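Biologist: Hi, could you walk me through this one?
Modeller: Happy to, here it is.

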Amino acid sequence: MVAAKTDPANKHAMGLFLVERGMQGFERGRNLKKLGMKSQDTAELFFNNVRVPKENLLGDAKGGFFYLMNMLAQERLTNACGAVAGAEAALQATIDYVKERQAFGRPVAHFQNTRFKLAEMRTQIDVAQVFTDRCVMDHNQKKLSPEVAAEAKLFTTELLGKVVDEGVQLHGGWGYMWEYPICRMYANARIQRIFAGTSEIMKEIISRGMKL
């Protein structure tokens with residue numbers, strides 16, 4: 001699906017088109033090498049005077065922007081759910097590791113610093129889970145506002161970044177090795193604060209809702 005401008009004089013005029021492989025003028029370039037999310041291809045796409053049949057237009061030719069905007073709250077809630085799940089997985093991977101890893105003759109989990117770090121993460125993830133669950137219930141009742149959806153994405157994705165970072169730290173040098181799940185989690189988590197609206201955009205949406 002390609003979103004394309006359909007009226008240069010109207011900044012919101014955008015159409016959604018199904019551009020299919022093999023259409024004249026449409027080419028897929030190389031796969032781009034990314035920090036994380038390596039199981040999902042991200043490739044260059046080239047459009048050179050592509051002609052798209054009218055049956056490949058989705059909805060109104062100028063309504064694409066509003067179709068996309070209409071689903072943004074749901075998309076950001078989906079991001080929040082994924083971020084909470086990712087933080088939980090990172091915490092569990094870290095707990096398993098520090099219970100097994102020995103330092104100075106005892107498991108790393110027995111050091112007060114380790115226990116305090118894990119306790120903080122446990123608390124923050126539980127708070128994020130409760131808030132996200134409330135947002136899901138609001139969404140099911142069609143009451144989830146764009147501002148609250150932005151709050152959910154902002155809080156949970158920032159939390160995910162903190163949890164995977166602490167997880168790498170508690171793994172020590174092994175946390176920097178790709179063979180360990182926490183390393184891959186760290187790489188995959190970074191995009192969460194960028195796609196579906198950056199953390200800065202989320203703050204802008206929230207502040208507008210506060211009439212600032």
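Modeller: First a term: two strands pair if DSSP finds at least two bridges between them, and strands are DSSP runs of E of at least two residues, numbered from the N terminus. This is a predicted model, where local features need pLDDT of at least 70, side-chain atom pairs count only at pLDDT 80 or more, and totals for chains, interfaces and linings use all residues. Residues are numbered from 1 along each chain as its sequence is written, and side-chain values use heavy atoms, leaving out hydrogens and water.

Biologist: Thanks! In strand 2, what is the bridge partner of Lys5?
Modeller: That's Met14. Strand 1 and strand 2 (residues 14-17) pair in the antiparallel sense over four bridges.

Biologist: And what order do the strands of the open sheet have?
Modeller: The order is 1-2-5, three strands with antiparallel pairing. Strand 1 (2-5) and strand 5 (57-58) each have a single partner strand, so one side of each lacks a neighbour in the sheet.

Biologist: Switching topic, how is the protein divided into domains?
Modeller: Into domain 1 (2-58) and domain 2 (66-210), with bounds from an automatic or database domain assignment.

Biologist: What area is buried between domain 1 and domain 2?
Modeller: About 630 Å², with carbon and sulfur atoms giving 80%; that is accessible area (1.4 Å probe) lost on putting the two parts together, summed over both. In domain 1, Leu16, Leu35 and Met37 lose the most area to domain 2, together 59% of what that side buries.
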